[in-house]
Amino acid sequence: MDHPLIDLINQKIAEAEANGDFDNLQGSGKPLPQEDDPENAMLNRLVKENGGVPEFVSLSRALEKLRAELRETGDRTRRREIMKEMSLMDAKIEMARKSYR
């Protein structure tokens, strides 16, 4: 099924072509860059440009913060809680790594 606005979209593209809006574009006539994952190239580029990282990387950063807190904490109860959180975090990181591959 076509997009409901396909006729309008095609009209706007035709007008832009007639006005020369597509002339002398940067990279015109050059091959497109090679992509490892062409189906998700746009999504990957947007994520990268906006500072996105794989889940296991952000979880690893959180784990490092927990380790730092553990080193600085003297309270036994809080240390036990942190160690539980670290154990769960390790499991989450491992699952995220497996799903990333």
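Biologist: Let's start with Asn24. Is Asn24 buried or exposed?

Modeller: Asn24 counts as exposed, because its relative accessibility is 78% and the cut-off for exposed is over 50%. Keep in mind that this is a predicted model.

Biologist: Where does Asn24 sit?

Modeller: Asn24 lies in the loop between α1 and α2.

Biologist: And what is the phi of Asn24?

Modeller: Phi of Asn24 is near 60 degrees. That is a positive value in a residue other than glycine. Most residues other than glycine have a negative phi.

Biologist: Which residue follows α1, and what is its phi?

Modeller: Gly20 comes after α1, and its phi is positive, near 80 degrees.

Biologist: How far apart are the end C-alpha atoms of helix α1?

Modeller: They are 20 Å apart. Helix α1 covers residues 6–19, which is 14 residues. At 1.5 Å a residue, α1 should span 20 Å, so the two values agree.

Biologist: Zoom out. How many helices and strands does the protein chain have?

Modeller: The secondary structure comes to four helices and zero strands. Along the sequence, the pattern reads α-α-α-α.

Biologist: Is the chain compact or spread out?

Modeller: The chain is more spread out than a compact globule, because its radius of gyration is 24 Å. The globule rule gives 13 Å for 101 residues, and 24 Å is well over that. The C-alpha trace spans about 75 × 35 × 25 Å along its principal axes.

Biologist: What share of the residues count as buried?

Modeller: Of the 101 residues in the chain, 13% count as buried.

Biologist: And what share of the contacts join residues 24 or more positions apart?

Modeller: That share is 41%, taken from contacts with a separation of 6 or more.

Biologist: Give me some pairs. How far apart are Lys30 and Ser87?

Modeller: Lys30 and Ser87 are 57 residues apart in sequence. In space they are 51 Å apart, C-alpha to C-alpha. Lys30 is in the loop between α1 and α2. Lys30 is exposed, with a relative accessible area of 62%.

Biologist: How about Ser99 and Glu55?

Modeller: Those two are 44 residues apart in sequence and 9.6 Å apart in space, C-alpha to C-alpha. Ser99 belongs to helix α4. At 61% relative accessibility, Ser99 counts as exposed.

Biologist: Where is Glu94 found?

Modeller: Glu94 is in helix α4, which covers residues 76–100. Glu94 is partly exposed, because its relative accessible area is 36%, between the 20% and 50% cut-offs. From Leu43, Glu94 is 51 residues away in sequence and 24 Å away in space, C-alpha to C-alpha.

Biologist: What about Gly74, buried or exposed?

Modeller: Gly74 counts as exposed, at 67% relative accessibility. Gly74 sits in the loop between α3 (55–72) and α4. Gly74 and Gly52 are 22 residues apart in sequence and 35 Å apart in space, C-alpha to C-alpha.

Biologist: Which residues line the largest pocket?

Modeller: The lining is made of Asn44, Val47, Lys48, Gly52, Val53, Pro54 and Tyr100.

Key: Residues are numbered from 1 along each chain as its sequence is written. This is a predicted model: local features need pLDDT of at least 70, side-chain atom pairs count only at pLDDT 80 or more; totals for chains, interfaces and linings use all residues. Side-chain values use heavy atoms; hydrogens and water are left out. On a 1 Å grid over the protein atoms alone, a cavity is a set of points where a 1.4 Å probe fits but cannot get out, and a pocket is an open set with protein on both sides within 12 Å along at least five of seven lines; lining residues have an atom within 4 Å of a point. Helices (H or I, at least four residues) and strands (E, at least two) are DSSP runs, numbered from the N terminus. The expected span of a helix is 1.5 Å times one less than its number of residues. Buried means under 20% relative accessible area, exposed over 50%, partly exposed in between (1.4 Å probe, protein chains only). The radius of gyration is taken over C-alpha atoms; the globule rule is 2.2 Å times the number of residues to the power 0.38. Contact means heavy atoms within 4.5 Å.
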